[in-house]
Amino acid sequence: MRSQEVPQTLTIAGSDSGGGAGMQADIKTMQENHVFATNVVVGLTAQNTLGVQMVQPTDVEMIDAQFDSLFDDFDIKAAKTGALFDQIRVSAVVKNVKKHNIHPLVVDPVMVAKGGARLLDDQGIHSIINDLLPLADIVTPNLPEAQVMYNKPIETKEDVIDAASFIQQLGAKNVIIKGGHQNGDLIEDYVLLENGNSFIMESPKYDTVRKHGTGDTLSSAIVASLAKGNSVEDAIIEGKTYIDKILQSEILVGHGHGPLNHWGAENAF
């Protein structure tokens, strides 16, 4: 078998024991988009399709050791963050992103699990906004997360535009406000680029409960595209295309909020 070099990526996130979200979704997505995934485990969850039963953050010493180990060996082309659990862990990640000059960096500001469980404390949210966002090449909040960052309700399309501009001023170069929590039959994801250009990615709202890990999967697909050398705009569009394809191909796993079918978009690109 002929060997070949492949782009290498990194997910900095929590482990979902149910395999539907967290770094498991990240790794599956990266693999399906033909890049090699590495990971820094920031915390463990006891989790299934019915909810999160227990959370255990990783010791900071171990977080540091994972970063050092990876960057001693791998050529990481792009990375993302996911659930970071608390202020101590956020600070550890920020320190290591700076130490290893990790870019491009996609920040998925995970704050609440789909079932409603909090995955980040108040001090951690403050650190995400003030310390991690300024390091982000792309940030991908959903509407509730964008409202936390904006500190105002987001109810209209004009509110979305204003919130994206505000979040960009916090330091994130490119902003995607995901519209999955909107009412109606369509989802509108608003994208504001570093150069000032903006656009809306529109898609149907698929009638399925099998959407666990959607945010993780979108950000990971974007990371995979960035690692292959694509522009920010092209990577965002490719990520959205991947999500739309796999949402149309369900798998029956678990008894609650089921996971995505990550191999449902094979040969998508």
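This is a predicted model: local features need pLDDT of at least 70, side-chain atom pairs count only at pLDDT 80 or more; totals for chains, interfaces and linings use all residues.
The largest nonpolar core of this chain has 45 residues, and L10 and I177 are the residues with the most contacts inside it. Helix α3, residues 87-99, gives the largest share of this core, namely five residues.

Leaving aside residues up to four places away in sequence, I177 touches P141, L143, A146, V160, A163, A164, I167, E188, D189 and Y190. Apart from the core that holds L10 and I177 lies another core, of 27 residues, among them F199, L218, V223 and L226. As general background, nonpolar side chains tend to be buried together in soluble globular proteins.

I turn now to the chain as a whole. Its secondary structure comes to eight helices and nine strands. The radius of gyration is 17 Å, close to the 18 Å that the globule rule gives for 269 residues, so the chain is as compact as a globular protein of that length. Along the principal axes, the C-alpha atoms fill a box of roughly 45 × 40 × 40 Å. Of the 269 residues, 54% are buried. The chain exposes about 12,400 Å², and carbon and sulfur atoms supply 49% of that area. Turning to contacts between residues at least 6 apart in sequence, 66% of them join residues at least 24 apart.

The next element is helix α7, residues 214-227. How far apart are its end C-alpha atoms? They are 20 Å apart, and this agrees with the 20 Å that its 14 residues should span at 1.5 Å a residue. Is this helix enclosed or open to the outside? Under the cut-off of 20% relative accessible area, 14 of the 14 residues of α7 are buried, so the helix is largely enclosed by the rest of the structure. Just after α7, G229 takes a positive phi of about 95 degrees.

T29 counts as buried, at 0% relative accessibility. Again setting aside residues up to four places away in sequence, T29 touches T217, S220, A221, Y242 and H262.

Next, the aromatic residues. A pair of aromatic rings is described by the distance of the centres and the angle of the planes. How many aromatic pairs does a search of the whole structure find? The search finds two. In one of them, the rings of F36 and F74 have centres 6.0 Å apart and planes at 20 degrees, so this pair is stacked. F36 lies in strand β2, residues 36-48, and F74 in the loop between α2 and β4, so the pair ties together parts that are 38 residues apart in sequence. F36 is partly exposed, at 38% relative accessibility. F74 is also partly exposed, with a relative accessible area of 29%.

The other pair is Y150 with F166: the ring centres are 5.5 Å apart and the planes stand at 65 degrees, so the pair is edge-to-face. Y150 belongs to helix α5, residues 143-150, and F166 to helix α6, residues 157-169, so this pair ties together parts that are 16 residues apart in sequence. Y150 counts as buried, at 11% relative accessibility, whereas F166 is partly exposed at 33%.

I close with some points of backbone geometry. The peptide bond from H103 to P104 is cis, with omega near -5 degrees. P104 lies in the loop between α3 and β5.

F85 is not a glycine, yet it has a positive phi of about 75 degrees. Its place is in the loop between β4 and α3. Is F85 buried or exposed? At 7% relative accessibility, F85 counts as buried.

N151 is another residue other than glycine with a positive phi, here near 60 degrees. N151 is found in the loop between α5 and α6. With a relative accessible area of 67%, N151 is exposed.

Definitions and conventions: Residues are numbered from 1 along each chain as its sequence is written. Side-chain values use heavy atoms; hydrogens and water are left out. Helices (H or I, at least four residues) and strands (E, at least two) are DSSP runs, numbered from the N terminus. The expected span of a helix is 1.5 Å times one less than its number of residues. Buried means under 20% relative accessible area, exposed over 50%, partly exposed in between (1.4 Å probe, protein chains only). Rings of Phe, Tyr and Trp (its six-membered ring) pair if their centres lie within 6.5 Å; planes under 30 degrees apart count as stacked, over 60 as edge-to-face and the rest as tilted. The radius of gyration is taken over C-alpha atoms; the globule rule is 2.2 Å times the number of residues to the power 0.38. Contact means heavy atoms within 4.5 Å. Accessible areas come from the Shrake-Rupley method with a 1.4 Å probe; for residues, only the protein chains shown count as cover. A nonpolar core is a set of buried Ala, Val, Leu, Ile, Met, Phe, Trp, Tyr and Cys residues joined through side-chain atoms within 4.5 Å.
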